[in-house]
Amino acid sequence: MSKTHWAGLRIGWLRAPARLVTELAGQRVVTDMGGSVLDQLLALALLARAGELVPPRLEQLREQRAALAAALTEHLPQWRWQLPPGGLSLWVDLGEPIAAALAERALDYGVRIEGGTYFATDPGIFDQRLRIPYTTPADTLREAVRRMATALADGPSPSSAARRAHWVA
């Protein structure tokens with residue numbers, strides 16, 4: 001529901017063999033206080049109108065994805081990516097392991113982006129990649145890419161790393 005209707009609506013379903021559903025439901029009782037009834041009712045109402053609501057949302061996302069791709073082509077042509085058939089972000093290959101440093105520098109330019117290492121299972125993996133969501137308006141995406149290109153051209157900032165808290169779980 002968060003991808004097709006509303007980013008804050010974290011409702012999902014599980015389709016699995018009965019034994020697995022029973023096991024997972026038992027785990028949920030131990031670790032989760034339960035899902036919001038209001039969110040579930042909202043999801044039910046939205047699903048009833050899916051035929052009306054989803055097509056314009058998909059068109060909006062396609063337009064935003066196209067704007068992001070065009071901005072990357074214009075401002076950062078050395079970066080590589082493939083247009084995904086779904087999802088809400090582009091995985092961009094920067095060509096070198098600079099994603100974390102670029103993300104730090106981009107903060108100085110008003111862009112909050114995370115390097116690929118934040119989405120990896122092991123430290124150091126995906127440091128040559130950025131995950132760039134295209135869930136904001138096209139103009140915002142174009143400006144963010146322009147600012148990232150400027151940040152990249154200006155090089156790393158020695159003060160950024162000290163300013164930002166890093167958490168290890």
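Here are a few notes on one helix pair, a residue in its contact and a loop residue.

1. Ground rules. The model is predicted, so local features need pLDDT of at least 70 and side-chain atom pairs count only at pLDDT 80 or more, while totals for chains, interfaces and linings use all residues. Numbering starts from 1 along each chain as its sequence is written, and side-chain values use heavy atoms, with hydrogens and water left out.

2. The helix pair. Helix 3 (residues 50–75) and helix 5 (residues 138–154) have axes that come within 9 Å and cross at roughly 25°. The two are therefore roughly parallel to each other (angles under 35 degrees count as such). Helices here are DSSP runs of H or I, at least four residues, and strands are runs of E, at least two. Axes are lines fitted to C-alpha atoms over the stretch in contact, with angles from 0 to 180 degrees between N-to-C directions.

3. Who touches whom. Helix 3 brings Gln64, Ala67, Leu68, Ala71, Leu72 and His75, and helix 5 brings Ala138, Leu141, Arg142, Val145, Arg146 and Ala149; contact means heavy atoms within 4.5 Å.

4. Leu141. This helix 5 residue is buried, at 4% relative accessible area (buried is under 20%, exposed over 50%, partly exposed in between, with a 1.4 Å probe and protein chains only). Leu141 and Leu68 sit 73 residues apart in sequence, yet 5.8 Å apart in space, C-alpha to C-alpha. Beyond its neighbours within four places in sequence, Leu141 also contacts others, including Pro133, Tyr134 and Thr136.

5. Phe126. Worth a look: Phe126 is not a glycine but has a positive phi of about 70°. Most residues other than glycine have a negative phi. Phe126 lies in the loop between helix 4 (99–107) and strand 2 (129–133), and is partly exposed at 33% relative accessibility.

Note on methods. Angles under 35 degrees count as roughly parallel, over 145 as roughly antiparallel, 65 to 115 as roughly perpendicular and the rest as oblique.
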